[in-house]
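Student: Hi! Could you walk me through this model while I have it open?

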Amino acid sequence: MYNEVLTEFVKKYSHDLIIECFGPEASLYAEDFKITDSFYKKYKTTILDNIDIIAGKDIIDIGSGTGVWGVLMLMSGAKSVTCIEPRRKYSHGLASVAKKHNLAITSVEGFHDCVFDLGKKYDTAVMMGFIDQIPDPVAYMSRLDVLCNHVMITHREFEDVDPNGVRLRSAYNMGGNHGFNFKELSSITGDLGDQTDVHSMIDHGNQNKGKYICYTFGSKFFETVAENMGYKVLRNHIPEELIIPGRSNHDRWLCYRVYVLELNQS
Amino acid sequence: MDQQSYLERLRFSLVLENQTRHDQIIPTMEIGLEAGHTHDVILDPDQPLNTFTFDETIHSRGTQKLQLHIKDQGKDSYKIGAVRIMDLRIHGFSVNTRLYESTYYPVYDAEYLLDNPTAPAEISGALLLGNRGKWEYTFETPVHDNESWRVSLV
């Protein structure tokens, strides 16, 4: 596979983004970074397949992590990208890269609610792999029409959840793609956003530290929510590229469901 | 370096807590991938936590074993102090609960074994190492861009 944007991304930005976000211990990873098949699939299914709501648009990426998708959306034609991320290491790292390379990216350190305080309206909100980690996803959805015209949501899907149902999972905030314990937000001080460590969790009997719950949504959950709110569902699917044959264990990550909703219909 | 000649290069950081008492001797150790080059691990007695950073080159997909050897000290081996593994990072990312995907193979003194014949030959998930022997951490490669690891830009 060859993609000009991804090739340019590796040439110009990936090294700086890795070092700024992860620190000098990641320098070997930065030197060796390359586009893998799974990276390309994610790029295609999140950006190329949704280019109609990205190219030429002002984007707000809520829960942007390292900002890698923000950079790639900008490189793929977005007019501007605003990235919202609570983990300081990532939000500051992205800000540093954006400044160094003069990118039209604004990096804001903050949680999902801060988007309503920015005083700006966007064409598209992107929420990739984070809506299952906030305490109030339905209420949050109901407010989005004042923020943007379209929203793209991706969330992990487990096969044992009723299509309109929700299941709760409990886990620890240590490791990637996890949520937050909202009663311990002041303790998000670990360089990479952890709220606990293995010894605090297991050895010191502090087993609630950093523990959080997150949601697992059924395949039509946001379709039903959208209909209730008068939003139009433009897309609701699991991209073929992300389906992993033979993976059926419901406790394992399967793949991402992608929604595109039109919030303000003219 | 030719990127085609290896699967990936990994930078490890092992964080050890020195629990050696004043009447014991500080353990001497080496660490590395199974059947690969090893790196000396020398504890600073004045520091409660010691971090050792080293690089490894991975050539194949599949299961890898990182081994920490606590060296024999001859007749003084019974005096070897304890170390506790506090963390293991790859490219700066803690392996967190995966730290317990490890096995400790202690080597006991002959006298101790006479008194404790059922002393375990291996202990799963042990992080406090009080004898000479081997601690082995098992992991899968590639680590980069692996969906179950955190080491990734996405």
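Student: What do the buried residues of α6(A) pack against?
Tutor: They pack against α2, β2 and β3 of chain A. Keep in mind that this is a predicted model.

Student: Which residues of α6(A) are the buried ones?
Tutor: They are A:Lys89, A:Tyr90, A:Ser91, A:Gly93, A:Leu94, A:Val97 and A:Ala98.

Student: I see several of those three or four places apart. Why would that matter?
Tutor: An α-helix has 3.6 residues a turn, so residues three or four places apart point the same way.

Student: How many residues does α6(A) have, and how far does it reach?
Tutor: It has 13 residues and spans 18 Å from the first C-alpha to the last, close to the 18 Å expected at 1.5 Å a residue. After the helix comes A:Asn102, with a positive phi near 55°.

Student: OK, now the helix pair. At what angle do α2(A) and α6(A) pack?
Tutor: The angle is about 145°, and their axes are 8 Å apart. The crossing of α2(A) past α6(A) is right-handed.

Student: Which residues meet there, from α2(A) and from α6(A)?
Tutor: α2(A) brings A:Asp16, A:Leu17, A:Glu20 and A:Cys21, and these meet A:Lys89, A:Tyr90, A:Gly93, A:Ser96, A:Val97 and A:Lys100 of α6(A). By type, the contact of the two helices has four nonpolar, two polar and four charged residues.

Student: And the sheet in chain A, what's the strand order?
Tutor: It is an open sheet of seven strands, ordered β3-β2-β1-β4-β5-β9-β8, and the pairing is mixed. β3 (105–109) and β8 (232–237) of chain A are the edge strands, each pairing on one side only. From one strand to the next, the twist averages 15°.

Student: Do β2(A) and β3(A) run parallel or antiparallel?
Tutor: Parallel, with five bridges joining β2 (residues 80–85) to β3(A). Within that pair, A:Glu85 sits opposite A:Glu109 of β3(A).

Student: Where does α6(A) touch the sheet?
Tutor: It packs on the sheet with contacts to β2 and β3 of chain A, and its direction makes about 160° with that of β3(A). Another helix, α5 (residues 68–75) of chain A, lies across β1, β2, β3 and β4 of chain A, at about 175° to β2(A).

Student: Switching topic: how many residues are in contact between chain A and chain B?
Tutor: 23 residues of chain A contact 21 residues of chain B. On the chain A side, the elements giving two or more residues are α2, α3, α4 and α8.

Student: Which of them gives the most?
Tutor: α2(A), with four residues. The chain A side as a whole has twelve nonpolar, eight polar and three charged residues.

Student: Last stop, chain B. What does β6(B) pair with through seven bridges?
Tutor: That is β1 (residues 8–18) of chain B, in the antiparallel sense. In this pairing, B:Val15 stands opposite B:Asp87 of β6(B). β6(B) also runs antiparallel to β10 (residues 128–129) of chain B, with two bridges, and there B:Val83 has B:Leu129 as its bridge partner.

Student: What about the hairpin with β7(B), how many residues lie between the strands?
Tutor: Two residues lie between β6(B) and β7(B), and B:His91 takes a positive phi near 55° in that hairpin. The two strands are antiparallel with two bridges, and B:Ile90 is partnered with B:Phe93 in β7(B).

Key. Residues are numbered from 1 along each chain as its sequence is written. Chains are lettered from A and ligands numbered from 1 in the order in which they are written. This is a predicted model: local features need pLDDT of at least 70, side-chain atom pairs count only at pLDDT 80 or more; totals for chains, interfaces and linings use all residues. Two strands pair if DSSP finds at least two bridges between them. Axes are lines fitted to C-alpha atoms, for helices over the stretch in contact, and angles run from 0 to 180 degrees between N-to-C directions. Two residues are in contact if their C-beta atoms, placed from the backbone, lie within 7 Å. Ala, Val, Leu, Ile, Met, Phe, Trp, Tyr, Cys and Pro count as nonpolar, Asp, Glu, Lys and Arg as charged, and the others, Gly among them, as polar. A crossing is left-handed if the near helix is turned anticlockwise from the far one by less than a right angle, and right-handed if clockwise. The expected span of a helix is 1.5 Å times one less than its number of residues. A residue is buried if 20 or more other C-beta atoms lie within 10 Å of its own, exposed if 12 or fewer, and partly exposed in between; C-beta atoms are placed from the backbone.
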